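Here is a brief report on one protein model.

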Amino acid sequence: PYAQIVAGKLVRLDFEPLGALLTVVLEAPPADTNGTHTTLLFLAQDFHYPGGYQVKVVPAGSAVWGPMGHSYLAIRLLSSREKARERGAGGGGRGEGEHGEGGGERERGEGGGGRR
């Protein structure tokens, strides 16, 4: 796995192949008024995460995320205003969640947004 497009600054990207654990630490880009700053990660899903993957955003609510095609994960860090709006929305793709194929077992994997 690797970061194909990075919005802001990539502080850390570590991959532990035995557990298929990917840790990504991003620093937010300057204020984004139109929501176009998105980081795109290539996950090699067929090889590393054939049963799916889990995403954990730290701190919770600091980013929205979702699959983009089969082997890509898109992450967008939220501005302070967007974080306040998202707190009331709830739902997947805003903190922790899973993406998998056919409800099978989930492989481990993390993408962290914000600061750790």
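The sections below go from the basis of the model to its details.

## Basis

This is a predicted model: local features need pLDDT of at least 70, side-chain atom pairs count only at pLDDT 80 or more, and totals for chains, interfaces and linings use all residues. Residues are numbered from 1 along each chain as its sequence is written, and side-chain values use heavy atoms, with hydrogens and water left out.

## Fold

The protein chain has two helices and eight strands. Both are DSSP runs numbered from the N terminus: helices are H or I with at least four residues, strands are E with at least two. The order from the N terminus is β-β-β-β-α-β-β-β-α-β.

## Surface

Of the 116 residues in the protein chain, 37% are buried. Buried means under 20% relative accessible area, exposed over 50%, and partly exposed in between (1.4 Å probe, protein chains only).

The accessible surface (Shrake-Rupley method, 1.4 Å probe) is about 6600 Å² for the protein chain, with 51% belonging to carbon and sulfur atoms.

## Salt bridge

A salt bridge needs a side-chain nitrogen of Lys or Arg within 4 Å of a carboxyl oxygen of Asp or Glu. The count is one. Asp-14 pairs with Arg-12, with the closest N and O atoms 2.3 Å apart. Asp-14 is partly exposed at 34% relative accessible area. Arg-12 is partly exposed too, at 38%.

## Gly-61

Gly-61 sits in the loop between β5 (53–56) and β6 (63–67). Its relative accessible area is 24%, so Gly-61 is partly exposed. Gly-61 and Leu-77 are 16 residues apart in sequence, and their C-alpha atoms are 9.0 Å apart in space.
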